[in-house]
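Biologist: I would like to learn how to read surface patches and charged pairs in a model. Could you take me through them?

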Amino acid sequence: MRSMGLWIQGARPKTLPLAISPVVAASMAMWPTVFEGVWGGSYLHRPCPVIGGRPSFDPNGDYGQCLTSPGWYAAVTLLCVGVALFLQIAANFANDYADGVRGTDDARGGEESATGKPQRLTASGLIPAKHVLAAAGVSAALACVWGLAIAVLTGHWWFIALGLVCLAAGWYYVGGRHPYGYHGWGEVSVFVFFGLVTTCGTSYALSDEVPFLVVWTAVALGLIAVGVLCVNNLRDIDDDAAHGKRTWMVRLGRERGTAFSSAMPIAAVAMLALAYMSRNPLIRVAWMAADPMCGMTGDGRTVCTGVSWIDIVLAAASTAMLVVAIVLCIRLRGGLRGRRYRSALPMASMLSPALALGFGFLYLMGA
């Protein structure tokens, strides 16, 4: 039972929202685009092929771009979730193995109640290092299988090359002879891969486009990913410095590192707040209720379209997510200032799905 608990811990469930959130945000943002047709927006369009993605746009054709089926959209979305999850798990196991064999995690071999830090698989010695490495390999292989399925369904074969880059980035973060995570590039990596690549890649897989709203969301989620890593590294700042791991927190020092770790989530939440204010969902719903759109039918009757219950739900949900994000950000800042890293890390991780849902609800309103 204890070994099973350590295996689950090795996957680090608290960090898995970082992998899922960009996929959730991108899929919610693309939902209206996909179901209305990327180019024409007519439900009379012919259905897209299941395999190979959308055909090129024919301006002389009668139907224009084809319409993506809901089943295809759901399948690709789930496959993107699977790739992100398995890559995250593979990276976690690889990091556990590499840091363990290097001795960086020597202080994390005991119980968390004694060390104040989550127990690591390799450093604890309760799971053989080769088994941890094998778990990383299996997770990476599963990510490859799901990624290959995405390439087959979308017809974007260059996704395979992108997947190989992601695998290499996960391994060489702390693995290999010259791990870039030991030289201050880990923060840049998580911004690129957990923010830009995952979010924009999902968007392109679903709709063959990456609109500005997706890029805006990707940047915000990337900042959250950087913040989570910084909180984690701030907790381990002494051990990292002793073993030559020059993270941003080691370079900045505890005081300035605390300020920087707080600034990343604040900037991300500010981006959600700006998106919220630009759309004013509650004001928009109230305006539609007070001044419904009216028109004349063919037989001379006046028909008015009031606010729909879907818009009410989305406006309330986006507002709730903004409030949740602000509360999490405040509690995270308090935890960092009090050096309560054990409670601060979950706050930072939960900011990712809160922001993803907040952006997603706003974009589903079609504002």
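**Patch and pairs**

Modeller: Val138, Leu142, Val145 and Trp146 form a nonpolar surface patch of about 340 Å². Patches take residues with over 30% relative accessible area and no salt bridge, joining like charges within 9 Å and nonpolar side chains (Val, Leu, Ile, Met, Phe, Trp, Tyr) within 5 Å. Accessible areas come from the Shrake-Rupley method with a 1.4 Å probe, and for residues only the protein chains shown count as cover. This is a predicted model, where local features need pLDDT of at least 70 and side-chain atom pairs count only at pLDDT 80 or more, while totals for chains, interfaces and linings use all residues. Residues are numbered from 1 along each chain as its sequence is written, and side-chain values use heavy atoms, leaving out hydrogens and water.

Biologist: Where is tryptophan 146 placed?

Modeller: Tryptophan 146 is in helix α6 (residues 129-154); helices are DSSP runs of H or I, at least four residues, numbered from the N terminus.

Biologist: How many salt bridges does a search of the whole structure find?

Modeller: Side chains of opposite charge can pair when their charged atoms come close. The search finds four salt bridges, each a side-chain nitrogen of Lys or Arg within 4 Å of a carboxyl oxygen of Asp or Glu. One of them joins aspartate 99 and lysine 245 (3.4 Å, N to O). That pair links distant parts of the chain, 146 residues apart: aspartate 99 is in helix α3 (residues 70-102), lysine 245 in the loop between α10 (237-242) and α11 (248-252).

Biologist: Is aspartate 99 buried or exposed?

Modeller: Aspartate 99 is buried, at 4% relative accessible area; buried means under 20%, exposed over 50%, partly exposed in between (1.4 Å probe, protein chains only). Lysine 245 is buried too, at 5%.

Note on methods
Helix = DSSP H or I, 4+ residues; strand = E, 2+ residues; numbered from the N terminus.
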